Amino acid sequence: MGHRIPGFMTMMKLTGVVLLAVPMLGFAVYSARFGLRGLGLDLSQETYIYTPDKVWPNLAIFSHMALGAVVMGFVPLQLVRQLRHRVPWLHRMTGRVIVAGSIIVALGGLVYIGLRGTIAGPLMDVGFALYGLLMLGAAVQTFRHARAGAIEQHSEWALRLFVLVMGSLIFRLHYVIWYILTDGLWSNEALTGPFDQVQYFAFYLPYLIGLELWIRRRRVLRAA
Ligand code: HEM
């Protein structure tokens, strides 16, 4: 029996996975390192995110980064159908880590916004607080529906949570692409330029809307 040559779509999918996995891994390592250093060291000379002589804002934002890395590392595993079916206990275990991690990541971000505010002020606070609330909601719903055995709803909320987790990476990717293309037009270090203001919402809202349309289409096709 000869080996089947992978089809064009399989190759495209594999390329897509690799193209996404590399920045994901890079960002997860960056986030874990930044978080752990912020929890253990005084970083006030290095970053405005560190609040000198205060426990809560530092605990909130740096544990947020460290756990965000864990969530980002685990979340793609949940999408692999073979793993879900062949090793269901692994799916449940990593699922619990992701849900608990996402809740702490979201709460950490929200506490930091409440105590310190974001670098760019009220509009960015609103964009990021909405992002945090959506992540909190999606994590709770994913868990609730799994517990209730409502697999269809569980999978829809899990996809929403996936897109939201990816949002933290997409935010950075938008900047990398924009700076390569325009050399930072309408953007500045304080993140208050027109491009930055669009980004407060553009790293998650359009992707969530796209996912919502896809979910609706899938429901219609499944019902047909
Ligand atoms: C898995 C998801 C997430 C990861 C991995 C993550 C990681 C990070 C990292 C590494 C930073 C440091 C800034 C940088 O160097 O770019 C950061 C900052 C921040 N994150 Fe997150 N984050 C995640 C989700 C969230 C969520 C859901 C919120 C909303 C509550 C949030 C709010 C913030 C805020 C407010 C800052 C500081 C922004 C500033 O003023 O510069 N993050 N995050």
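Predicted model: local features only at pLDDT ≥ 70, side-chain atom pairs only at ≥ 80, totals over all residues.

Analyst: Residues are numbered from 1 along each chain as its sequence is written, and side-chain values use heavy atoms, with hydrogens and water left out.

User: Which protein atom is the donor to the iron atom of the ligand?

Analyst: Donors are N, O and S atoms within 2.8 Å of the metal (3.2 Å for Na, K and Ca); water is not among the atoms, so sites may look incomplete. Helix α2 holds H64. The iron has a single donor from the protein, 2.1 Å away: H64 (NE2).

User: Which helix gives the largest share of the shell around the ligand?

Analyst: Helices are DSSP runs (H or I, at least four residues), numbered from the N terminus. At least two shell residues each come from α1 (8-40), α2 (56-74), α4 (88-115), α5 (122-147) and α6 (151-182). The largest share is six residues, from α4.

User: How many residues of the shell are charged?

Analyst: Asp, Glu, Lys and Arg count as charged; Ala, Val, Leu, Ile, Met, Phe, Trp, Tyr, Cys and Pro as nonpolar; the others, Gly among them, as polar. The shell has 17 nonpolar and seven polar residues. The charged count is one.

User: How far is an oxygen atom of the ligand from an N or O atom in the side chain of Y48?

Analyst: For R172, a side-chain N or O atom is 2.8 Å from a ligand oxygen. For Y48, the distance from a ligand oxygen to a side-chain N or O atom is 2.5 Å.

Definitions and conventions. Polar contact = N/O pair within 3.5 Å; in protein donor to acceptor, adjacent residues only side chain to side chain.
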